[in-house]
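Here's a quick briefing to read with the model open beside you. Have a look at the fold, then work through the points below.

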Amino acid sequence: MTRLHDYWRSSASYRVRIALALAGIEWQAAPVDLTTGAQRDPDYLAVNPQGLVPTLEIDGDRFTQSLAIVEYLNETRALGLLPEAPADRAHVRALAQAIAVDIHPVCNLRVAKHAVAASNGAITMESWMQTFIAPGLAAVEEMISGERFCWRDQLTLADLCLVPQIYNARRWGIDLAPMPNISRIAAHLETLPAFAAARPTPPAV
C-alpha cells in the first residue's frame, strides 16, 4: 500500500495529493500533526530526518520533498506534467519554484512562528504571511502564459504548486483581485476532479 505522511493544511502535501489523484493511485494516510510537533517525534524523524512533510512510501521506496515526489510520479506514471522542449520545461519549473522555493519556505509554519515569537508581538502571523505571499504571487501573475493553466494550454507542475498556494493566500486574507490570471486559472483548476479530491479536509474529531 502506498502511504503518504502528510498534514492536511500543508501546501507541500497538497501538491503530492493532487499528483497521486492524477495518477489514480490509492494511498493510505499517515497524518503528521505539525501543530503538536509530531514532525519532531523520533519515530517520524526515522522516516524523514528533516522532520518535514510530505513523505511518500511507494514502489518499495521512500521519497521526501514535494517537487521531487511529484516529478517521480510524473516520470513513473506518465502524467505529462512537464513539456517536451527543454526550454519549456525550464519555464514550467521556474513557475513552480517561484511558488515552492521562493514563497513557501519563508511562509512555512515553523519559520512564521519563529518570526512572531522573536518579534515579541510586533509581527503577527497574518502580517508575516501577507508580507511574503502577496508580492510573491504578484510576480507569478506576470509569469503566467496560459488561459486555463499556468503554462500555455497544458496542465503542468506549476499548476500543482499554484492551487495549494492560493488556498494559503485565501486563508491569510490576501487580496487576489489584482491578479486576474491567477484567479482565473485557480478557479478552473479547482473544478478538476484530481484537484477537488486533494482539497484540504480537517481531520475528524
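**The sheet and the helices around it**

Arg3 stands opposite Glu57 in E3. This is a predicted model, where local features need pLDDT of at least 70, side-chain atom pairs count only at pLDDT 80 or more, and totals for chains, interfaces and linings use all residues. Residues are numbered from 1 along each chain as its sequence is written, and side-chain values use heavy atoms, with hydrogens and water left out.

A few ground rules on naming: helices (H or I, at least four residues) and strands (E, at least two) are DSSP runs, numbered from the N terminus. Two strands pair if DSSP finds at least two bridges between them.

**The sheet**

- Four strands make an open sheet in the order E2-E1-E3-E4, and the pairing is mixed.
- At the edges sit strand E2 (27–31) and strand E4 (61–64), each of which pairs on one side only.
- Ignoring direction, neighbouring strands here are turned by 20 degrees against each other on average.
- Strand E1 (residues 2–6) pairs with strand E3 (residues 55–58) in the antiparallel sense, over three bridges.
- E3 and E4 also pair in the antiparallel sense, over four bridges.
- The hairpin of E3 and E4 has two residues between the strands, and Asp59 takes a positive phi near 55 degrees there.

**Around Phe63**

- Phe63 belongs to strand E4, and Leu56 stands opposite Phe63.
- Is Phe63 buried or exposed? With a relative accessible area of 18%, Phe63 is buried (buried means under 20% relative accessible area, exposed over 50% and partly exposed in between, using a 1.4 Å probe and protein chains only).
- Leaving aside neighbours within four places in sequence, Phe63 is in contact (heavy atoms within 4.5 Å) with Pro54, Thr55, Leu56, Ile58, Ile69 and Tyr72.
- Phe63 and Leu4 are 59 residues apart in sequence, and their C-alpha atoms are 9.7 Å apart in space.

**Helix H1**

- Helix H1 (residues 11–23) lies across E1, E2 and E3 and runs at about 155 degrees to E1. Axes are lines fitted to C-alpha atoms, for helices over the stretch in contact, and angles run from 0 to 180 degrees between N-to-C directions.
- H1 packs on helix H7 (residues 157–171) at an angle of about 135 degrees, with the axes 9 Å apart.
- H1 and H7 are therefore oblique to each other (under 35 degrees counts as roughly parallel, over 145 as roughly antiparallel, 65 to 115 as roughly perpendicular and the rest as oblique).
- The H1 side of this contact is Ser11, Tyr14, Arg15, Ile18, Ala19 and Leu22, and the H7 side is Leu160, Cys161, Val163, Pro164, Tyr167 and Asn168.

**Helix H4 and its partners**

- How do helix H4 (residues 86–103) and helix H6 (residues 125–143) pack, and at what angle? The angle is about 175 degrees and the axes are 10 Å apart, so H4 and H6 are roughly antiparallel.
- H4 contributes Ala94, Leu95, Ala98, Ile99 and Ile103 to that contact, while H6 contributes Phe132, Ile133, Gly136, Leu137, Val140 and Met143.
- H4 and H7 pack at about 30 degrees with axes 7 Å apart, and are therefore roughly parallel to each other.
- Here the contact joins Val92, Leu95, Ala96, Ile99, Ala100 and Ile103 of H4 to Leu157, Ala158, Cys161, Leu162 and Gln165 of H7.
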